[in-house]
2 protein chains.
Amino acid sequence: MFQTINEISIHPELYNQKKVLIQGWITNIRGNLKIIFVELNDGSSFKNLQCVLKKEFIDFDKIENLALGVAVEISGIFSNTPERQQFGEVLVETLEIKGNNYNTNFPIQNQEISLEVLRQMPHFRHRSRLFRAIMKLRSALFFEIHKFFRRQGFINFSAPILTSNDGEGAGEVFIVDDENKDFFNKKTTLGVTGQLHAEAYALGFKKVYTFAPTFRAERSNTRRHAAEFWMIEPEVAFFTLEQIIELAVKLLQKVIKSVIIRNKDEFIFLEKAGDKNLRKRLLQFCDSQVTQISYEKAIELLLEHQEKFEEKDLFFGCDLKTEHERFLTEEIFHMPVVIINYPKNLKAFYMHQNEDGQTVAAFDLLVPGIGELIGGSQREVRYEKLLARMNELNMNIEEFQWYLDLRKYGNPGSSGFGLGFERLLMYITGIENIRDVIPFPRTNKNILM
Amino acid sequence: MFQTINEISIHPELYNQKKVLIQGWITNIRGNLKIIFVELNDGSSFKNLQCVLKKEFIDFDKIENLALGVAVEISGIFSNTPERQQFGEVLVETLEIKGNNYNTNFPIQNQEISLEVLRQMPHFRHRSRLFRAIMKLRSALFFEIHKFFRRQGFINFSAPILTSNDGEGAGEVFIVDDENKDFFNKKTTLGVTGQLHAEAYALGFKKVYTFAPTFRAERSNTRRHAAEFWMIEPEVAFFTLEQIIELAVKLLQKVIKSVIIRNKDEFIFLEKAGDKNLRKRLLQFCDSQVTQISYEKAIELLLEHQEKFEEKDLFFGCDLKTEHERFLTEEIFHMPVVIINYPKNLKAFYMHQNEDGQTVAAFDLLVPGIGELIGGSQREVRYEKLLARMNELNMNIEEFQWYLDLRKYGNPGSSGFGLGFERLLMYITGIENIRDVIPFPRTNKNILM
């Protein structure tokens, strides 16, 4: 019964001179006492549909409330206009305003509003052009990621979020309980990773992945950290470090390419609004081999530019800061780069211990503008080695006995990684603050709506 | 390089007399001193691949550790056997055991193990045939649901899980904070619904849905309740109650049909293990019109069978218990049934207030074996009516002002529903306990691993 703007814009010739019915919101309005031009968006497409209101067909007195943001239902005759920039327009026959409209002060007007101001109204900002682009890309990317894993034969696996293990040993966890403070039989936190549980499911299903909300009680208010974000974590049995790195690169290249192809309008808008070379830069990565260097080599390279960093104390064993990561990918390689074989003290307990006794089979994938986008590793499959490391770190063995037990029965080893969904979206959109790629962002001291 | 059992089983004729390489786990083993038959599963298919080990090719002394659950890599020549029940078998040339194997006591043996015992080992039970079927269906259903919404033109939307609103007013919420007890600037809970936020996004995007973990501090230990579960919540602007019910039924019918077609092996197994009429019953629903009755009519019908219920006090305004819901769908209609127009006191504050002043435009979809599978409503779009109801309920208006404000600008009304993913999976698999359709279930006093 109703057509969508997406349907019409894909095959405008099929709708030429046909009657169409559209429900949507007004995103632009201009005109005079005889003719009014209205642009309509119905959420199905980033494109707007131009609608022409003429005094001879429409009673202008009845639509004096027509304004930005107003919801309408229109019918009229569509004309395909291949000679013009827009794909067509509708000569409106009927127009009905839907719902109450205190429209004169709709917060989203067409002049530029700062991102900071928009952040104060997460319930409205997606009705601006910029956030419509971002959130449509978010959804498109979400679908592409699931599609990638499905086509690669992965099982989607729901790791528990309520957990009594702290997988990363990161410490920055949220504690959960009900009002009575005794809902569970032990201290329960919001999981910071689904990996440990995914490892269990990789045994038997071979290829599994989780894609779910993740929580960190991160108090540093940076533009890259949120208390709640989505994470993608594949885990593949039989895979080595090299194979999982290959999967990570393939995933990124495939989903980025697909989103660029399918969401052309959004990218054209983003390029006009910001980074002119957005797609060029992304596609260059999609068509490249990703360079891989050892952590040791990375330190060497960084030492050659020591004077440029705030943190100058660089040595084998030091934790790379974002400034170092970004320098490697932005200034040295001008491209995403993979760092492997980190000192074991910098990484979590479960990683495969290399022969050198010093490093683990870990990798980080760094990208320009962000720094670390992906972190992963081959897991330590040798029971005794894993146990020794856990004891070294004074971990509660009893609590993790089930995880150790995974090594006892038919465990060929596995590898996996964690990819921050929002960081990937930042990389793809060029948006610099994580608060602007999450519909209702949550950060320290900040939980709006 | 490696083939999957899924690839081979779909087109066994293409692999006939070809060399194959497979990585997987042993799910069955029998034989004698001259010949050993091994069944292999690699997670790609519910089907196993039969592998034949002959003494003349394989050194039996080197594989004496071969047992159930062991991970192996095999190569050999595949023979298509269209005349037999199995699709083919591999004459093994090389076999390598991967990883350590304390195999003699692998907890998942082929004799029947009770569901209660298996619940104590969520890290291993998916390597049994029953849980392999359930978890593969879980993943398949997950993909089908996303596909349905994508094809219907929905935007996937991430509602925040950390929230300071309690959407349902249900009270059974988890409270979240970090060790220092001051991470946020107000009391923060795990959201029990993404609906309020989804309503904001339906304005502008028209069709949005969330599919995410949901949390309830539910203390009743029933077989249908978990503290952590996944919920699907579409919200569609411009939609009325009737339209959203239509969408709900269409969603169920479509995803159930797709899963039945794509996962035949799992259903054959489930039917052998339990309900012989599983698919017949499901397909009957898929091809039927769903009956719709008012709450008032439901009470009338139930009163005719009053003596059969534990809770006999049935009157207009009483809350239907699971026994009543199940009686309606199992004994009266023998089919899923939709109940509409509940008394407003039984439902949440945000539902459209009907003309009668007593009921709201709500619906519940009840299915046999479960009771309520879906609950939804048309939302109250009239600012004053909504505000009046919130005041009646003594709600904190300030906290919900943003939600009220959604009514001010271009709100044509919207409708939506919540579908419990695990309840749907229970309905589809015939599995009776929610703990058996979640990989690592979390319930009151119970957080294992």
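This is a predicted model: local features need pLDDT of at least 70, side-chain atom pairs count only at pLDDT 80 or more; totals for chains, interfaces and linings use all residues.
The scores for the model as a whole are an ipTM of 0.97 and a pTM of 0.97, and within chain A the mean pLDDT is 94, with 98% of the residues reaching 70 or more.

Two copies of a chain are related by a rotation about an axis and a shift along it. Here, chain B can be laid on chain A by a turn of 180° with a shift of 0.0 Å along the axis, and the RMSD of that superposition is 0.0 Å. The two copies are thus related as by a two-fold rotation axis. Both copies use the same surface, since 100% of the contact residues of chain B recur in chain A. To find the axis in the structure, the reader can look for Val176(B), which of the residues of chain B comes closest to it, its C-alpha lying at 2.5 Å.

In soluble globular proteins, nonpolar side chains tend to be buried together. The largest nonpolar core of this model holds 238 residues, and the members that touch the most others are Ile256, Phe363 and Leu424, each of them in chain A and in chain B. Leu424(A) shows what such a position looks like: leaving aside residues up to four places away in sequence, Leu424(A) touches Leu141(A), Ile145(A), Leu252(A), Val255(A), Ile256(A), Leu373(A) and Leu419(A).

Gln378(A) belongs to strand E15 of chain A, which covers residues 371-378. Among the residues that Gln378(A) touches, again not counting those up to four places away in sequence, are Phe239(A), Thr240(A), Leu241(A), Tyr350(A), His352(A) and Ser414(A). With Leu241(A) there is a polar approach as well, in which a polar atom of the Gln378(A) side chain lies 3.0 Å from the backbone nitrogen of Leu241(A).

Side chains of opposite charge can pair when their charged atoms come close. Arg119(B) pairs with Asp436(B), the closest N and O atoms being 2.8 Å apart. This pair links distant parts of the chain, 317 residues apart, with Arg119(B) in helix H3 and Asp436(B) in the loop between helix H13 and strand E17. Arg119(B) is buried, with a relative accessible area of 17%, and Asp436(B) also counts as buried, at 1%.

Other pairs lie within a single helix. Glu300(B) and Lys297(B) form a salt bridge whose closest N and O atoms are 3.9 Å apart; because they stand three residues apart in helix H9 of chain B, about one helical turn separates them. Glu300(B) is partly exposed at 43% relative accessible area, as is Lys297(B) at 38%. In helix H10 of chain B, Arg326(B) and Glu330(B) are four residues apart and so are likewise separated by about one helical turn, and their side chains meet in a salt bridge of 2.6 Å, N to O. Arg326(B) is partly exposed, with a relative accessible area of 26%, and Glu330(B) is partly exposed at 23%.

Finally, a network of salt bridges joins residues of both chains, linking Asp178(A) and Asp182(A) with Arg219(B) and Lys445(B).

Methods: Residues are numbered from 1 along each chain as its sequence is written. Chains are lettered from A and ligands numbered from 1 in the order in which they are written. Side-chain values use heavy atoms; hydrogens and water are left out. A nonpolar core is a set of buried Ala, Val, Leu, Ile, Met, Phe, Trp, Tyr and Cys residues joined through side-chain atoms within 4.5 Å. Buried means under 20% relative accessible area, exposed over 50%, partly exposed in between (1.4 Å probe, protein chains only). Contact means heavy atoms within 4.5 Å. pLDDT is the predictor's confidence in each residue, from 0 to 100. Helices (H or I, at least four residues) and strands (E, at least two) are DSSP runs, numbered from the N terminus. A polar contact is a pair of N or O atoms within 3.5 Å; within protein, one must be able to donate a hydrogen and the other to accept it, and residues adjacent in sequence count only if both atoms are side-chain atoms. Copies are superposed by least squares on the C-alpha atoms of residues with pLDDT of at least 70 in both. A salt bridge is a side-chain nitrogen of Lys or Arg within 4 Å of a carboxyl oxygen of Asp or Glu.
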